[in-house]
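Here are my notes on the model, point by point. Please read them with the structure open.

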Amino acid sequence: MPMPAAIPCLFHNGAILTMEPGFDRRPRPEALLTDTDGRIAFVGSLDAARMRADHMETRVREHDLRGAALLPGFIDPHSHFSGISQYFTAADLTDAQSIDDIIVRLQDFATHSDIPLDNGVILGVGYDNTALAEHRHPTRHDLDQVTTDVPVLAVHVSSHMLVANSKALDIAGITRDTPDPSGARFGREPDGTPDGLCQEPSAMFAVYRALDSRMKINPLVLADAMQDEYLSHGITTVQDGATTAGWADNLVLLASEHRLRLDVVSYPMQGQDVDAILDRHRAYVGSHYVNHLRIGGVKMILDGSPQGRTAWVDEPYAPGPEGRDFHGNRALDDDAVHDFTRHAIDNGLQLLAHCNGDAASEQFLDIYGRAFAESTNARKDELRPVMVHCQLARTDQFARMPALHMIPSFFVSHCWYWGDVHLRNFGERRGRRISAVRDAADLHLPYTFHTDSPIIRPNLLEAVWCAAARRTKSGVELDPAQRVGVADGLRAITANAAYQYGEEHDKGTLKVGKLADLCVLEHDPLAVPIGVDGAPDESLRSIRVLRTFKAGTQIWPR
């Protein structure tokens with residue numbers, strides 16, 4: 001069904017931040033006017049905007065910002081829209097302090113959620129073993145205290161590992177004779193019996209596949225709540241950054257039922273039957289949205305989690321339970337990476353690669369470069385591959401990206417959430433350099449910031465603060481030479497993010513002709529005080545979004 005015409009809006013009496021290059025050094029416009037097509041009609045003086053509004057055939061709605069700030073709608077460069085469903089379907093373990101705390105939360109969740117004994121799963125998400133009193137992962141024996149009658153899963157905050165109780169392991173058929181999958185492993189007791197820990201996706205999926213029929217959700221029921229999670233943070237374009245076959249069907253269902261209010265870009269994940277997904281949903285593949293959905297490319301995962309000590313690194317981790325020469329987990333061999341990469345380039349698909357460690361970054365750069373040179377696709381220069389996370393990417397690796405038209409997308413919030421853990425895992429030199437954004441900026445790369453939600457909430461302003469402050473939870477200052485300013489950080493989640501998606505002509509800045517995707521912040525983020533150490537005040541990360549607009553129509557109010 002056609003969308004109704006948007007009501008033209010006139011915004012004034014606030015800080016209008018256009019995100020155009022140098023926006024923070026130029027006089028600010030007094031007003032912004034939108035039209036009935038949901039696009040920006042004028043940016044400039046208030047008198048001129050009112051004159052234009054007077055000549056419109058449709059009544060114009062005035063929005064007095066009362067000192068608030070108007071920005072382009074934020075653009076999520078990498079998260080997992082489908083994963084946001086877990087906020088509403090699983091026990092929250094994110095701030096659990098002990099294994100007993102995890103057990104109690106799972107028991108409470110099971111009690112209040114009416115989990116069916118014959119066909120249910122008790123799921124908890126977000127525990128962090130480094131924050132638990134025991135400083136270890138739970139085991140199947142711990143989760144058996146919740147129940148032995150129903151499968152129980154506790155998913156790590158990184159989403160790169162989970163712990164299963166005995167019932168879940170039995171249903172999945174994982175025994176002492178089950179070999180570790182390539183690039184992954186099952187935790188073991190001394191006699192080889194699985195202890196419940198499943199590290200990395202191929203081990204986790206052995207459990208998920210077996211429990212799939214018990215974990216079905218109705219996307220139509222959760223659609224509004226999932227979208228509101230992003231819209232409440234001013235985000236108008238989101239990513240589903242590792243789409244399974246089932247969730248590809250769910251997203252198409254939401255689009256066909258006109259249930260999407262924001263734009264969703266999906267990337268089917270290597271390990272699924274990607275060609276089948278693309279063939280089944282061919283109408284959604286490419287640069288054009290169909291009812292706010294498009295399939296923008298494909299995704300592969302090359303390593304694990306640095307806080308979980310599974311990121312693949314050239315230089316070994318600090319000594320730990322794995323020994324003194326441990327380099328993390330390599331997810332895919334070179335042949336598999338080459339085949340997937342070459343197929344993506346030849347078929348004109350943007351490729352996203354999860355690379356936390358520098359060894360994974362090197363593999364992606366080497367193999368993408370080789371496949372890029374081999375491909376005869378005449379438009380391969382336009383694909384803009386993305387290295388996702390970049391936690392330990394080196395200066396020499398950033399320097400190789402321009403030739404491949406590659407974009408680094410930083411999970412820069414690691415500085416706050418796991419900076420202290422990185423210092424323990426990698427030592428001072430590597431740990432302080434985590435998320436080296438300034439290196440990318442100095443090479444003029446169009447870097448972006450993401451939150452990897454549901455790993456953390458999709459607060460992109462928090463990511464901007466993390467990049468500008470580089471402070472850990474305990475107050476340690478990470479390498480300040482890798483900071484970037486607030487204005488540059490804001491462009492990372494607007495203009496640069498639009499470029500990453502190939503949508504810079506429609507999104508990312510407040511410019512005449514672009515979509516009126518807008519967010520209203522309660523305060524001007526550039527007015528946040530800067531401390532004597534050069535870092536912005538922590539209040540930046542908690543600035544509230546008051547309203548969010550998609551194509552000129554308000555779709556979320558606080």
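1. First, a cut-off. Buried means under 20% relative accessible area, exposed means over 50%, and partly exposed covers what lies in between. By that rule Glu374 is partly exposed, because its relative accessible area is 31%. Bear in mind that this is a predicted model.

2. How do α10 and α11 pack? Helix α10 spans residues 334-346 and helix α11 spans residues 358-374. Their axes lie 9 Å apart, at an angle of about 45 degrees. The angle therefore makes α10 oblique to α11. The crossing of α10 past α11 is right-handed.

3. Look next at who makes that contact. From α10 come Asp334, Val337, His338, Thr341, Arg342 and Ile345. From α11 come Gln363, Ile367, Tyr368, Arg370, Ala371, Phe372 and Glu374. By class, the residues of the contact of α10 with α11 are six nonpolar, three polar and four charged.

4. A salt bridge joins the side chains of Arg342 and Glu374, at 3.2 Å from N to O. It links distant parts of the chain: Arg342 sits in helix α10 and Glu374 in helix α11, 32 residues apart. Arg342 counts as partly exposed because its relative accessibility is 24%. Glu374 is partly exposed too, at 31%.

5. Now the other helix pair. The axes of α11 and α12 are 11 Å apart and meet at an angle of about 25 degrees. So α11 is roughly parallel to α12. The crossing of these two helices, α11 and α12, is left-handed.

6. Which residues of α11 meet α12? They are Asp358, Ser361, Glu362, Leu365, Asp366, Tyr368, Gly369 and Phe372. Facing them in α12 are Gln397, Arg400, Met401, Ala403 and Leu404. The residues of the contact of α11 with α12 divide into six nonpolar, three polar and four charged. Tyr368 and Phe372 are also listed in the contact of α11 with α10.

7. Arg400 and Asp366 form a salt bridge through their side chains, at 2.6 Å from N to O. This pair also links distant parts of the chain: Arg400 is in helix α12 (residues 395-404), Asp366 is in helix α11, and 34 residues separate them. Arg400 has 30% relative accessibility, so it counts as partly exposed. Asp366, at 38%, counts as partly exposed. The pair belongs to a network: salt bridges that share partners join Asp314, Asp358, Glu362, Asp366, Arg394, Asp396 and Arg400.

8. How many salt bridges does the structure hold? The count is 43. Another of them joins the side chains of Asp142 and Arg136, at 3.0 Å from N to O. Asp142 counts as buried because its relative accessibility is 10%. Arg136 counts as partly exposed, at 34%.

9. Last, a loop residue. Ala133 lies between β9 (122-127) and α4 (140-144). Is Ala133 buried or exposed? Its relative accessibility is 58%, so Ala133 counts as exposed. Leaving out residues up to four places away in sequence, Ala133 touches Gln97 and Ser98. The C-alpha atoms of Ala133 and Gln97 are separated by 6.1 Å, with the two residues 36 apart along the chain.

Terms used: Residues are numbered from 1 along each chain as its sequence is written. This is a predicted model: local features need pLDDT of at least 70, side-chain atom pairs count only at pLDDT 80 or more; totals for chains, interfaces and linings use all residues. Side-chain values use heavy atoms; hydrogens and water are left out. Axes are lines fitted to C-alpha atoms, for helices over the stretch in contact, and angles run from 0 to 180 degrees between N-to-C directions. Helices (H or I, at least four residues) and strands (E, at least two) are DSSP runs, numbered from the N terminus. Angles under 35 degrees count as roughly parallel, over 145 as roughly antiparallel, 65 to 115 as roughly perpendicular and the rest as oblique. A crossing is left-handed if the near helix is turned anticlockwise from the far one by less than a right angle, and right-handed if clockwise. Contact means heavy atoms within 4.5 Å. Ala, Val, Leu, Ile, Met, Phe, Trp, Tyr, Cys and Pro count as nonpolar, Asp, Glu, Lys and Arg as charged, and the others, Gly among them, as polar. A salt bridge is a side-chain nitrogen of Lys or Arg within 4 Å of a carboxyl oxygen of Asp or Glu. Buried means under 20% relative accessible area, exposed over 50%, partly exposed in between (1.4 Å probe, protein chains only).
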